[in-house]
Amino acid sequence: MTAKPCSNSLAVKTSHVLPPDTNYHGTLFGGKLMAHIDDVAAIAAERHARKPVVTASTDSVDFLAPVKAGHSICVEAFVTWTHQTSMEVFVKVVTEDLLTGDRKVCTTAFMTFVAVDDNGRPVSVPEVYPETEQEKTLHTLAPTRAEQRKERRKQSKELAATFGTSFPWNKKV
C-alpha cells in the first residue's frame, strides 16, 4: 500500500445550529455535536482507508466554548496516524456567529477507527505522513496517545468485568 498525506483524508462539514438542536441554555446539545464529530471523522478515516470503518474509540471530546442557536459549526477532521488496521483522526470544531463573524474553536477531539472487510474483520490501512508543522506535531505525539488508549481500554475491560451485566436494583442485599 502506498502511504498517503494527512491532507488527503480531510473532511469538512458546516452546519447551522437550529433551536431543536439546543438545550434549555440555548446551546448545542453535546451529544448532537458528538454525532457530527463521529460522522465527519468516519468520512476522513474511510477516505484514507478506502474501506468501510468502525469507530473504535473516542479519546477525548473537549468542549472549549458554547455553541449557540443561530450560529454555525464547521467540523474538520483528518487522519493523523495509522497502525496496521487502525487510524487516529483529529477533529476540530469551529463555531461562528454568522451575524458578527466571530469564530472560536469550540471543540477538539481524537478518535480511532478500524478499517474492516465485508465480514467486519479488520484489514490493513495505508500509512499516513504529515506535511505541515501542525500535522507533524499531531503525528509525532500519536504513539503516546495510542499507548494511553491501550491502557484506558484495559481499564474499561476491568470495569466491565467488575460491574457485569446485571442491573443494580436486582442485586440481593
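User: Phe110 first. Buried or exposed?
Analyst: Buried. This is a predicted model, and in it Phe110 has a relative accessible area of 13%, which puts the residue under the 20% limit for buried.

User: What charged end sits over the ring of Phe110?
Analyst: That of Arg145, at 4.1 Å from the centre of the Phe110 ring.

User: And which residue stands opposite Phe110 in E6?
Analyst: Ser60. Strands E3 and E6 pair in the antiparallel sense, over 9 bridges.

User: How many aromatic pairs in the whole structure?
Analyst: The search finds 2. In one of them, the ring centres of Phe78 and Phe90 are 6.1 Å apart.

User: Why is that pair edge-to-face?
Analyst: Because the ring planes of Phe78 and Phe90 stand at 70°, and planes over 60 degrees apart count as edge-to-face. The pair links distant parts of the chain, with Phe78 in strand E4 and Phe90 in strand E5, 12 residues apart.

User: What about the rings of Phe90 and Phe110?
Analyst: Their centres are 5.2 Å apart and their planes are at 50°, so that pair is tilted. Phe90 is in strand E5 and Phe110 in strand E6, so the pair ties together parts 20 residues apart in sequence.

User: So which residues do the ring pairs link into a cluster?
Analyst: Phe78, Phe90 and Phe110.

User: Are Phe78 and Phe90 buried or exposed?
Analyst: Phe78 is buried at 14% relative accessible area. Phe90 is buried too, at 16% relative accessibility.

User: Switching to the sheet. What is the strand order?
Analyst: E2-E4-E5-E6-E3, an open sheet of 5 strands with antiparallel pairing. The edge strands are E2, residues 11-16, and E3, each of which pairs on one side only. From one strand to the next, the twist averages 20°.

User: Which strands does H1 lie across?
Analyst: H1 lies across E2, E3, E4, E5 and E6, and runs at about 45° to E4.

User: And H2? Which strands does that one lie across?
Analyst: E3, E4, E5 and E6, with H2 running at about 75° to E4.

User: On to the core. How many residues has the largest nonpolar core?
Analyst: It has 36 residues. Those with the most contacts inside it are Ile37, Ile73, Met87, Val89, Val91, Val93 and Phe113. The elements giving two or more residues to this core are helix H1 (30-49) and strands E3 (53-63), E4 (72-83), E5 (86-96) and E6 (103-115).

User: Which of those gives the most?
Analyst: H1, with 8 residues. As background, nonpolar side chains in soluble globular proteins tend to be buried together.

User: Take Val89. What is that residue in contact with?
Analyst: Setting aside neighbours within four places in sequence, Val89 is in contact with Ala41, Ala44, Ala45, Ala77, Phe78, Val79, Thr80, Ala109, Phe110, Met111 and Phe113.

User: What does Ser72 touch?
Analyst: Not counting residues up to four places away in sequence, Ser72 touches Thr14, Ser15, His16, Val17, Val94, Thr95, Glu96 and Leu98.

User: Ala146 next. Where is that?
Analyst: In helix H2, which covers residues 133-163. Ala146 is buried, with a relative accessible area of 18%.

User: Last topic, backbone. What is the phi of Arg50?
Analyst: Positive, about 55°, although Arg50 is not a glycine. Arg50 lies in the loop between H1 and E3 and counts as exposed, at 61% relative accessibility.

User: And the phi of Gln84?
Analyst: Gln84 has a positive phi of about 50° and is not a glycine either. Gln84 is in the loop between E4 and E5.

User: Buried or exposed, that Gln84?
Analyst: Exposed, at 60% relative accessibility.

Conventions: Residues numbered from 1 in each chain as written. Predicted model: local features only at pLDDT ≥ 70, side-chain atom pairs only at ≥ 80, totals over all residues. Heavy atoms only, no water. Helix = DSSP H or I, 4+ residues; strand = E, 2+ residues; numbered from the N terminus. Buried < 20%, exposed > 50% of the residue type's maximum accessible area, 1.4 Å probe, protein only. Core = buried A, V, L, I, M, F, W, Y, C linked by side-chain atoms within 4.5 Å. Contact = heavy atoms within 4.5 Å. Pairing = 2+ DSSP bridges. Axes fitted to C-alpha atoms, helices over the stretch in contact; angles between N-to-C directions. Phe/Tyr/Trp six-rings, centres within 6.5 Å; stacked < 30°, edge-to-face > 60°. Lys NZ or Arg CZ within 6 Å of the ring centre and 35° of its normal.
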